[in-house]
Amino acid sequence: MEPRKTQIIRERSTRDLRGRPCAPVTRVVAMAVLDNPYAGTSAEDLSQLFDAGGRLGAQLTEMALAELPGPAVSYGKAAIVGTDGDFEHGGALIHPRLGKPMRAGVGGGKALIPSNVKVAGPGAALDLPLGHKDEGWSFDHFDTVTVALGDAPLPHEIVLILGIADGARLWPRCGDGPITD
């Protein structure tokens with residue numbers, strides 16, 4: 001499964017939402033649009049998507065890291081499944097084998113990789129969740145990047161999405177871990 005196209009989004013913030021200077025934070029999102037071999041079918045075995053997720057996950061991680069000026073501290077993954085597919089096709093792409101190459105690329109990955117899947121048509125926006133790669137309870141790193149592709153996914157396609165960041169949210173103020181009463 002070779003992608004129809006790939007796209008990189010690189011966002012660098014040097015001011016917070018109030019316009020005040022802040023520590024620079026770069027977020028990079030890498031996306032690949034590929035045919036869904038299970039579109040329009042009711043397949044029990046989704047292993048073609050397992051394999052594609054691992055292979056494309058390694059490629060997209062490498063592409064994203066090349067755009068990041070510092071070490072990755074946060075990550076996330078997602079998929080938008082075209083309307084001839086189903087939710088489980090996105091899960092099959094991002095869960096069984098995508099995590100290993102992402103963790104290897106970012107140099108860590110003790111924490112779960114936040115994820116999101118939806119079924120939608122071309123131009124649909126998806127909120128890609130980000131979280132700290134090693135500290136699952138780092139509230140400062142709970143973040144979101146909204147992404148969309150104008151021409152994808154077509155009904156028979158899936159958009160594979162992964163993101164990394166070199167910092168926390170801009171001006172985080174929620175504390176560093178679970179609040180106990």
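**Exercise 1. Find what share of the contacts in the chain between residues at least 6 apart in sequence join residues at least 24 apart, and then describe the overall build of the chain.**

Step 1. In this predicted model, 76% of the contacts between residues at least 6 apart in sequence join residues that are at least 24 apart.

Step 2. The secondary structure comes to three helices and seven strands, and, read along the sequence, these elements follow the pattern β-β-α-β-α-α-β-β-β-β.

Step 3. For 181 residues, a compact globule would have a radius of gyration near 16 Å, and the chain, with 16 Å, agrees with that value. The C-alpha trace spans about 50 × 35 × 35 Å along its principal axes, while buried residues make up 46% of the 181 residues.

**Exercise 2. Work out whether Glu157 is buried or exposed, and which partners its side chain reaches.**

Step 1. Glu157 lies in strand E7, and its relative accessibility is 2%. Since buried means under 20% relative accessible area, Glu157 counts as buried.

Step 2. The side chain of Glu157 makes a polar contact with the side chain of Arg4 at 2.6 Å, and the side chain of Glu157 also reaches the backbone nitrogen of Leu154 at 2.9 Å.

Step 3. Leaving aside residues up to four places away in sequence, the residues that Glu157 touches include Val33, Leu34, Ile80, Val81 and Ala152.

Step 4. Ala152 leads on to a feature of the backbone, for the peptide bond from Ala152 to Pro153 is cis, with omega near 0°. Most peptide bonds, by contrast, are trans. Pro153 lies in the loop between strand E6 (143–147) and strand E7 (157–165).

**Exercise 3. Describe the backbone and exposure of Trp171, and then the lining of the largest pocket.**

Step 1. Trp171 lies in the segment after E7, and Trp171 has a positive phi of about 50° although it is not a glycine. Most residues other than glycine have a negative phi.

Step 2. With a relative accessible area of 43%, Trp171 is partly exposed.

Step 3. Trp171 is one of the residues that line the largest pocket, among them also Glu11, Asp16, Arg27, Thr144 and Arg173. The largest pocket holds about 190 Å³ of space, and its lining has three nonpolar, one polar and seven charged residues.

**Exercise 4. Find where Lys133 lies, whether it is buried or exposed, and which residues it touches.**

Step 1. Lys133 lies in the loop between strand E5 (126–132) and E6, and at 9% relative accessibility Lys133 counts as buried.

Step 2. Not counting residues up to four places away in sequence, Lys133 touches residues including Ala72, Val73, Ser74, Tyr75, Val106 and Lys110.

Step 3. The C-alpha atoms of Lys133 and Asp35, which are 98 residues apart along the chain, are separated by 29 Å.

Note on methods: Residues numbered from 1 in each chain as written. Predicted model: local features only at pLDDT ≥ 70, side-chain atom pairs only at ≥ 80, totals over all residues. Heavy atoms only, no water. Helix = DSSP H or I, 4+ residues; strand = E, 2+ residues; numbered from the N terminus. Buried < 20%, exposed > 50% of the residue type's maximum accessible area, 1.4 Å probe, protein only. 1 Å grid on protein atoms, 1.4 Å probe; cavity = no way out; pocket = protein on both sides within 12 Å on 5 of 7 lines; lining within 4 Å. Points joined across faces, edges and corners; volume = space filled by probe spheres on them. Nonpolar A, V, L, I, M, F, W, Y, C, P; charged D, E, K, R; others polar. Polar contact = N/O pair within 3.5 Å; in protein donor to acceptor, adjacent residues only side chain to side chain. Contact = heavy atoms within 4.5 Å. Rg over C-alpha atoms; globule rule 2.2 N^0.38 Å.
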